[in-house]
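Me: I have a model open and would like to know what stands behind the words used for it. Could we go through them together?

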Amino acid sequence: MELADLKQDHAITLSSVRDNATTWQKRYEKALKEHTEELAALQRMFDATKSELATCHSERQEAVGQLKALEDMLQQQQTRADTERDRRIKTELKLQRHRKNN
């Protein structure tokens, strides 16, 4: 092989390597862009989900507070009803004793 042929082969090989490198660089940049966009979309979904979770947690705490208030109110009403029932029973027993004694 002559020097001119070697130079030509070298030039062809170098050109091929450059083309191949350019092709792979473009593929890499395209893939990187796609993955970056996917990651950004996932981050937005994560942020939205996190926000929804915070809202749900807040609503749950509010509902628990309301339930506790209702339980307290029910307990107070039950206590009043029990007190009233006990008072009526005592009154009825007093009336029965009074009738029995008279």
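Reply: Gladly! There are 1 helix and 0 strands in the protein, where helices (H or I, at least four residues) and strands (E, at least two) are DSSP runs, numbered from the N terminus. The model is predicted: local features need pLDDT of at least 70, side-chain atom pairs count only at pLDDT 80 or more, and totals for chains, interfaces and linings use all residues. Residues are numbered from 1 along each chain as its sequence is written, and side-chain values use heavy atoms, with hydrogens and water left out.

Me: Why is Thr23 called partly exposed?

Reply: Buried means under 20% relative accessible area, exposed over 50%, and partly exposed in between (1.4 Å probe, protein chains only). Thr23 has 34% relative accessibility, so it counts as partly exposed. Thr23 lies in helix H1 (residues 3-101). Across the 102 residues of the protein, 0% count as buried.

Me: What makes the charged end of Arg27 count as sitting over the ring of Trp24?

Reply: The rule asks for NZ of Lys or CZ of Arg within 6 Å of the ring centre and within 35 degrees of the ring normal. The charged end of Arg27 is 4.7 Å from the centre of the Trp24 ring, and it is listed as sitting over that ring.
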